[in-house]
Amino acid sequence: MPHLTKYEQETIINFNEAEATASVYTYNQALQRKFKRLAQERPQECVLDEPRDYSGALVCTIPKRWIKITPTRILSEKQKAQLREAGESTFFTKNNGNDRQGKTTNSNSEGSYTPST
């Protein structure tokens, strides 16, 4: 088996308008694990095909409706700041009031956290 560069290790999704299924050819290890698991859990929907070569690629047939394109949201600076603040408060709650440096925090009368001295 010849060694392929990362650039040559492609994932190709192929489908047409007439059929309800898509063919996926992939070297991506995470996708291969996912398709192998799906083939065990849902053998009628995810069918592993025999690869035509021995290069390490996996080929499978899946329902075309499984293919999604989900772009990330474009956030304003204000939205990013709000998400950071929400994440920090969640972090404090999950870590029993300890901040990132391991310092204990106390709750003030408004219910927000302030570092203890």
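A disulfide is a pair of cysteine sulfur atoms within 2.5 Å, and by that rule the structure holds zero disulfides. The model you have open is a predicted one, in which local features need pLDDT of at least 70 and side-chain atom pairs count only at pLDDT 80 or more, whereas totals for chains, interfaces and linings use all residues. Residues are numbered from 1 along each chain as its sequence is written, and side-chain values use heavy atoms, with hydrogens and water left out.

Select Cys 60 to begin. The closest cysteine sulfur to that of Cys 60 belongs to Cys 46 and is 4.6 Å away, which is too far for a bond. Cys 60 is buried at 0% relative accessibility, and Cys 46 is buried too, with a relative accessible area of 2%; buried here means under 20% relative accessible area, exposed over 50%, and partly exposed in between, with a 1.4 Å probe and protein chains only.

Next, select strand β2, residues 21–26; strands (E, at least two residues) and helices (H or I, at least four) are DSSP runs numbered from the N terminus. Its covered face carries Ala 22, Val 24 and Thr 26, while Thr 21, Ser 23 and Tyr 25 lie on the uncovered one.

Strand β1 (residues 11–14) runs antiparallel to β2 and is joined to it by four bridges, with Ile 12 opposite Tyr 25, and the two strands form a hairpin with six residues between them. Strand β4 (residues 58–63) also pairs with β2 in the antiparallel sense, over six bridges, and Ala 22 has Ile 62 as its bridge partner there.

Then select the largest nonpolar core, whose nine residues include Ala 22, Val 24, Phe 35, Cys 46 and Cys 60; such a core is a set of buried Ala, Val, Leu, Ile, Met, Phe, Trp, Tyr and Cys residues joined through side-chain atoms within 4.5 Å. At least two residues of this core come from each of β2, α1 (29–41) and β4. In soluble globular proteins, nonpolar side chains tend to be buried together.

Leaving aside residues up to four places away in sequence, Leu 58 touches Val 24, Tyr 25, Thr 26, Gln 32, Phe 35, Lys 36 and Leu 48, where contact means heavy atoms within 4.5 Å.

Methods: Two strands pair if DSSP finds at least two bridges between them.
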